[in-house]
Amino acid sequence: MEENVGDTDSQVRVVLGALSGIVALVLLGQSLNLVSGLLTLPAVASPVLGLVAIALLGTAYTRECPVCAAAGVDTTE
């Protein structure tokens, strides 16, 4: 796969990935204080945001995004 993520796009992905990771960790801390067996929004949102953070940071690092490639989007300058 060839690069399809430009400099600005990569920087935005790093910022959004870092913010998603921080929010995921905060929600994880909140969900650990709940009674076991309860499935609440923080308990569900934390792993989802964690995966989003990993995907954004990974695509920013490799500069390759399979979703953009499938959509035919190329943000390289």
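Asp9 and Arg13 form a salt bridge, with 3.0 Å between the closest N and O atoms. This feature belongs to a predicted model, whose secondary structure consists of three helices and zero strands. Along the sequence the pattern reads α-α-α. The protein has 77 residues, of which 27% are buried.

**Salt bridges**

- Side chains of opposite charge can pair when their charged atoms come close.
- Two salt bridges are found in a search of the whole structure.
- The pair Asp9 and Arg13 lies within helix H1, where the two residues are four positions apart and therefore separated by about one helical turn.
- Both partners of this pair are buried: Asp9 is, and so is Arg13.
- Another salt bridge joins the side chains of Asp7 and Arg63, at 3.0 Å from N to O.
- Asp7 is in helix H1, whereas Arg63 is in the loop between helix H2 (41-62) and helix H3 (66-71), so this pair ties together parts that lie 56 residues apart in sequence.
- Asp7 is partly exposed, its relative accessible area being 43%.
- Arg63 also counts as partly exposed, at 23% relative accessibility.

**Cysteines**

- A disulfide is a covalent bond between the sulfur atoms of two cysteines.
- The search of the whole structure returns zero disulfides.
- Cys65 takes part in no disulfide, and its nearest cysteine sulfur, that of Cys68, is 3.7 Å away.
- Cys68 is likewise in no disulfide, with the sulfur of Cys65 as the nearest cysteine sulfur, at 3.7 Å.
- The criterion for a disulfide is a pair of cysteine sulfur atoms within 2.5 Å, and the sulfur of Cys65 lies 3.7 Å from that of Cys68.
- Cys65 counts as buried, because its relative accessibility is 7% and the term applies under 20%.
- Cys68 is buried as well, with a relative accessible area of 14%.

**Contacts between parts of the chain**

- Ser46 is located in helix H2.
- Ser46 is buried, having a relative accessible area of 7%.
- Leaving aside residues up to four places away in sequence, Ser46 touches Ala24, Leu27 and Leu28.
- Among contacts in the protein with a separation of 6 or more, 81% are between residues 24 or more positions apart.

**Surface**

- The protein exposes about 5200 Å², and carbon and sulfur atoms supply 70% of that area.
- A nonpolar surface patch of about 520 Å² is made by Val12, Val15, Leu16, Leu19, Ile22 and Val26.
- Leu19, one of the residues in this patch, is placed in helix H1, which spans residues 7-31.
- Leu19 is partly exposed, with 48% relative accessible area.
- Patch residues need over 30% relative accessible area, and Leu19 has 48%.

How values were computed:
Residues are numbered from 1 along each chain as its sequence is written. This is a predicted model: local features need pLDDT of at least 70, side-chain atom pairs count only at pLDDT 80 or more; totals for chains, interfaces and linings use all residues. Side-chain values use heavy atoms; hydrogens and water are left out. Patches are made of residues with over 30% relative accessible area and no salt bridge: like charges are joined within 9 Å, nonpolar side chains (Val, Leu, Ile, Met, Phe, Trp, Tyr) within 5 Å. Accessible areas come from the Shrake-Rupley method with a 1.4 Å probe; for residues, only the protein chains shown count as cover. A salt bridge is a side-chain nitrogen of Lys or Arg within 4 Å of a carboxyl oxygen of Asp or Glu. Buried means under 20% relative accessible area, exposed over 50%, partly exposed in between (1.4 Å probe, protein chains only). Contact means heavy atoms within 4.5 Å.
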